[in-house]
Each structure stands twice: as structure tokens, then as C-alpha cells.
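Subject: The structure you asked about

Hi,

Here is the structure I promised to pass on. Have a look at it first, and then read my notes below.

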Amino acid sequence: MMRQILYPFHILIISSEASSPAQNQTMPNYFLHRRLSLSLINRLKHCCPAMLSQARQLFTTHEGNRPTIVQKRSLAILQDPLFNKGTAFSMTERDRLDLRGLLPPTVVSPEQQIERFMIDMKRLEVNARDGQSDPYALTKWRILNRLHDRNETMFYKVLIANIEEFAPIVYTPTVGLVCQNYSSLFRRPRGMYFSAEDRGEMMPMVYNWPADQVDMIVVTDGSRVLGLGDLGVQGIGISIGKLDLYVAAAGINPQRVLPVMIDVGTNNEKLLNDPLYLGLPQRRLDGDEYIAIIDEFMEAVFTRWPNVIVQFEDFQSKWASKLLQRYRNTYRMFNHDVQGTAGVAIAGLLDSVRAQGRPMIDFSKQKIVVAGAGSAGIGVLNAARKTMARMLGDNESAFESASSQFWVVDAKGFITEERENIDPEVLPFAWKVNEASRLGLREGASLLEVVQKVQPDVLLGLSAVGGLFSKEVLEAMKKSTSTRPAIFAMSNPTTNAECTPDEVFSIVGENAIFASGSPFKDVVLENGQVGHCNQANNMYLFPGIGLGTLLSGSSIISDSMLQAAAECLATYMSDDEVMKGVIFPSISRIRDITKKVAAAVIKEAVREDLAEGYRDMDARELRKLSQEEILEFVQKNMWSPEYPTLVYKED
Ligand SMILES: NC(=O)c1ccc[n+]([C@@H]2O[C@H](COP(=O)([O-])OP(=O)(O)OC[C@H]3O[C@@H](n4cnc5c(N)ncnc54)[C@H](O)[C@@H]3O)[C@@H](O)[C@H]2O)c1
Ligand SMILES: O=C(O)C[C@H](O)C(=O)O
Ligand SMILES: [Mg+2]
């Protein structure tokens, strides 16, 4: 009789403590429960061992996964953002980890923590937003950064749950402002800094990083941060921002990411003269000296973490492609501005063909004017030409005729073969002088002249020049031969966008397709419909490329893997969406997109026989997986910000 009464009562106590860590219980309540609970366990132990084991089972089921073993206690754990839960530490955990007295007595749930955080953040927003720019952006970044410093799990919970609102803070455009002001914003270090002064020391230095396992490194030398130029050591912000998205979008475990800054000096006079500048106060190293440093860094990180993936980010175009060619066949690396941007642009360009109600294969007939022939522009041009050539038969003549679909304009104007000291990478896109003159164009012609003469289907900007697509240029786009002229103002941050969506829809027309690198708000058109602002940003690809490479176990990142990622993104949008001018998904879908892109990358790595498997999933097993099973495998390996149960154990 006694057993029958005790049994449900006991389970109730155990499960309530386990599942909802004594939410909002004050100390006395908690102790009462705990005392009851312990005494009942003792009684059960003697009178009914079977019941006890059932109760324990229930306890374990409620706790979910196995606990995380930590070698820290007390203050050390509260100061460790990877393990910290703040006021969400349950009372039992507080006891186990010597936290009693170090936290206010009320235990709150993770949901309540986020609610409190968001209320705080929203307070700032009263009268704060003025259209495109947000005067409180930097303050919000600071608040988020402080949260990142004290509780990683909660930071990612907040970021994922509010990705539309906070991606523009941790990523473009605000991250640009953060990099510009980094020396004064600096509070706590994050990531690693390798400088020219560390020559010969990088190998042992790598072992200063506490994590034995690192999956993703994003490295920059700060030489071309977004469209903001050389920001020297302050470029670390861009590596941090990209990795925030790796965790939020791809579910890479935050304990296994490493933002890196390689400081070889800066040519930015303002920084060199700034006494508060935190980087090496010297001009940038160049030539062999520069390469030797990057070589040493690569050797060091791949020695300690042979399976790491290194994403090169925001290297000036002078070095971007050279370093890519130097390392891409030896190391698991890619240059995201060159390769990721290309994929995103191709996906958008293919969807703008669909938006005209035409088949994707008609992409090969599109006339494309590109403003900007730097690392991003050249990456897009090469990938677009390759895509067209494949559609036209994939032979040399297909390549030739594909080249004549592009008109490239840089800081010196329209590029022909007459250009002095032409960059060999641009040469394949330079027009023959006589063919250009047949169109009424000459070397150095202005963007406006080119648009007037060519009447392109697409005008794509990767120039880093805000407002480059002037009223006159957009007026000229009205004569585009396309039924839905596409204008891609891809430069970052917002101030560098070549034009705004309002300008496009009001000048070019309501049928236009608009995409920008940094986010803009949709526009209400005169006809009452919505003019969609698509965000053509490589954030839709890099998390999936990284995750797919990691899970496939491929030791390199091949062109076909990148192509598969781009094609996956291009087909992500439904016909219905595309016809409405929505050619990129909303960022709120980024985890789903990333999962699919990663699956496409894995599939391609398997097809190319590059996949070597990941953990228990060896290459043979991976080859047997269906599409659905690959997606499941990806999903299973994506980290989610949930508090694990912590248990203390000495080293
Ligand atoms: N949306 C994205 O996903 C994405 C990805 C990568 C780069 N970007 C942006 O693209 C921009 C360029 O990046 P990059 O690495 O190629 O830089 P870069 O410095 O290598 O190249 C800039 C190019 O623009 C040209 N240019 C300058 N003034 C011009 C003008 N008045 N008219 C036409 N061309 C002009 C330069 O000659 C050069 O060819 C940056 O703003 C960057 O933020 C966006
Ligand atoms: O960082 C971005 O937002 C995109 C791109 O990598 C850039 O350099 O602008
Ligand atoms: Mg970049």
C-alpha cells in the first residue's frame, strides 16, 4: 500500500526536478523537494530496488543526452562562456559544481533568460530605427558581444531565434562598423592573432589554443574588409562574424571554431597614426616575406588539426586568387569571397532567368555588365562563364561565345584588350578593340555608356563604390532587353551598395529584380505590391560548404562541390516565389538552406570519390546513403544551443 502511494509521488518529484530545473523555485522550496526526494530514494533503495531503477530510468530519459563532464567548478565555470548557464543552473547542478551562493537564488528557464535579454534589447529600439540604418546597431553589437563573452549557449539561442534581426548586427553591415572601431571596442580577446613578429614561432603558438579539436577556421589578413579597405588587425571582427554564422546556420560546435587574424601590418595611414591601434604599427609585408608567413600559418594549423577547414576571407584581390591556387590542392581550404560569392551570384542570376518565365538554360543568352573586377568580380565572371559554357556544349567554342556575354567595367572604365598592364585574370573578359567599337564602345568607356550601348539583362556591382548605379545608369537600364531587368548591388556594407531598392523600383520599374549584399527592407510599390529586396550574400553558401566538407571528410574542396552548392541554392526557391521576384530565401530559413547545401556538397564529394567519411560514417557507408538519409546525417551532426547537464570530474 505504502509502495503504491509512494511510487507516483516519488517519480513526480524526480521528474519535476530533472526536466524543468526547479524553475522559479526559491531555496527553501528547493530544499524541501530535495530532502524529500533523497529520503524517498533511500527508502526505495531498501524496499523496492526495481522501482528505484525505473525511477532512475525516468530521470535519465528526462535529462536527455549524457551529461557533459567538466573539469572546472565554482567561479571558473561561470566565467567560461562555453559552459556557463548563468541563472539557468539548476539547484542540483549548483550543488554539484560549487556554485551555491555565486548566483542569485532564483532558477530561471533558458526561455525566460532570452525573454529578459530581448526586453532589454527592445528597449533600445524605441524610436531607434530610421529606415535603412540603425543608430543603435553598434550598441546592440556590444550587448550581444557581452552575452557571447559570458554565455555562448544563450548567445546562439538568441541569435538563432532572432536571426533576421541580429544577422545584420553580428554580420554585414554592422560587423563592418565594428571592424572600423575595433581597437576602441576591444574588451576580451576572441580567436588567435598571428603576426609578422611571430615568424618561426607559429607551430608552438598553435598549441596555446585550448581546444584539441578545431573544425573551422576563418582567417583574414584584414587587407580588404568588406568594401571598407585595409583595416589591419581590426579585420578579426570579420572572422568572428563569419564563424558566428557557421555556428548559427551550420551548427558547427562553437567549441571547435577558431577566428584568426594574420597581422602583417597595414597600409591604412589613419590606423598607422592612431596611438590606440592594436595591430603592428608597420606597413604591410609583401612578396615572399608575406607568403612565408601565410605558409607558416597553414603548416602550423594543419599540423595540430589535420582535419580542419580553413576559409580565407577578405584578402585583397592581389593575393586572394594566388593563395587559393597555392593551397587548394594540398589543404582543406577555400577563398570565400572568390568562390562563395560566385556561387551565390550564379544562383541569383539563374533565378532571374526563371523570373522572366524562361528556362534556366537561357542564362547563356543573358547580357551581363559587371562593375568591379576585383577578387569577387573575377570569381563571379569565371563561374558565370563556366556555367554558360556548360549550357552551350562545354567545349572551347562554347567558352569563347560565353565570354562575349560579359562587359566588364572597373575603376578605369570599360576593359578592352587595349588596357595597359591588364590583370591576366581579367584578360579573358577584355573585349577586342574592333568588336567593342562595332558596339560604339572604346577602352575606358564609362559605366553609363556601356549600359546605354549594351542594354544588358543584368547589371551586377562588386565595385565597393556606394551609389555607382546612378540615376542615369538606372534610367539606361530601362532600355534593357529583358522583361525583368536584374540589378545586383552586391557590395558591402550598406553604404557601399551600388544603389538602393527604392531607386531601382522607382527608376527601372516595378518589374525589376533587385538583390543586394547587405540587407534592405522590401519596398511598397505604387501599385500596392511588394518590391522584394533579395539579399545576395555568400552567407547562403559558406556555412553549407564548410559543413558539407566536414561531414564528407573530403580532403579538398573541389570546383564540383562548390558548383553543387550553388545549384542547390538556385533550385531552393519555388517557381511561385521566383515569379514574384523573390530569388533568395529569407535569412530565417538559413539553417534549412545550409542543411540542404551541405547535403549537396557531400553528395558531390561522394560522386567524385573524394569523401573519406566522418566519425562512425565511413566512406563506404556514406556512399550507400539515399538523399533523405544524407539530410538526416547532416541534421544529426548540427549542433544546437541546448544546455547540457554538467558533471564535475577532476583531470
Ligand atoms: N555580396 C557578397 O556576397 C559579396 C561577396 C564578396 C565581396 N562583396 C563585396 O564586393 C566588393 C568588392 O570586393 P572585392 O574583393 O572584389 O574588392 P576589390 O578591391 O578586389 O575590387 C574592387 C573592384 O571594383 C573596381 N572599381 C572601383 N571603382 C569603380 C568604379 N567607379 N566603377 C567600376 N568599378 C570600380 C576596382 O577597379 C576593382 O576592380 C566589396 O564591397 C565586398 O564587400 C560582396
Ligand atoms: O561578408 C560579407 O557580408 C560578404 C562578403 O564576404 C564580403 O566580403 O562582402
Ligand atoms: Mg568577404
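A polar side-chain atom of Ser317 sits 3.1 Å from an oxygen atom of ligand 1; I call it a polar contact when two N or O atoms are within 3.5 Å, and within protein one must be able to donate a hydrogen and the other to accept it, with residues adjacent in sequence counting only if both atoms are side-chain atoms. The backbone takes part as well: an N or O atom of Ala373 is 2.9 Å from an oxygen atom of ligand 1, and for a backbone N or O atom of Gly374 the distance to an oxygen atom of ligand 1 is 3.2 Å. On its own ligand 1 has 870 Å² of accessible area, and the protein covers 85% of that (areas by the Shrake-Rupley method with a 1.4 Å probe; for residues, only the protein chains shown count as cover).

Before I go on, a word on the ground rules: this is a predicted model, where local features need pLDDT of at least 70 and side-chain atom pairs count only at pLDDT 80 or more, while totals for chains, interfaces and linings use all residues. Residues are numbered from 1 along each chain as its sequence is written, chains are lettered from A and ligands numbered from 1 in the order in which they are written, and side-chain values use heavy atoms, with hydrogens and water left out.

Back to ligand 1. Its shell has 26 residues, and the closest are Arg224, Thr341, Ala373, Ser375 and Asn538 (a residue is in the shell if one of its heavy atoms lies within 4 Å). By class they split into 11 nonpolar, 12 polar and 3 charged (Ala, Val, Leu, Ile, Met, Phe, Trp, Tyr, Cys and Pro are nonpolar, Asp, Glu, Lys and Arg charged, and the others, Gly among them, polar).

Now ligand 2. Around it are residues including Tyr171, Arg224, Lys242, Glu313, Asn492 and Asn538. Which side chains come within reach of its oxygen atoms? An N or O atom in the side chain of Asn492 is 2.7 Å from an oxygen atom of ligand 2, with 2.9 Å for Glu313 and 3.3 Å for Tyr171. The protein covers 93% of the 260 Å² of accessible area that ligand 2 has on its own. The shell here has 2 nonpolar, 5 polar and 5 charged residues.

Next, a helix. In α21 (residues 447–454), Leu447, Val450, Val451 and Val454 are buried (under 20% relative accessible area; exposed is over 50%, partly exposed in between, with a 1.4 Å probe and protein chains only). Down the axis of α21, the buried residues fall within an arc of 95°, so they line one face of the helix (the arc is that of the directions from the helix axis to the C-beta atoms). Their cover includes β7, β8, β9, β10 and α22.

Glu510 is in the loop between α23 and β12, and counts as partly exposed because its relative accessibility is 32%. The Glu510 side chain reaches the backbone nitrogen of Glu526 at 3.1 Å and makes a polar contact with the side chain of Asn527 at 2.8 Å.

Finally, the whole chain: 29 helices and 18 strands (DSSP runs numbered from the N terminus, H or I of at least four residues for helices, E of at least two for strands). Of the 651 residues, 57% count as buried.

Cheers

Technical notes: Contact = heavy atoms within 4.5 Å.
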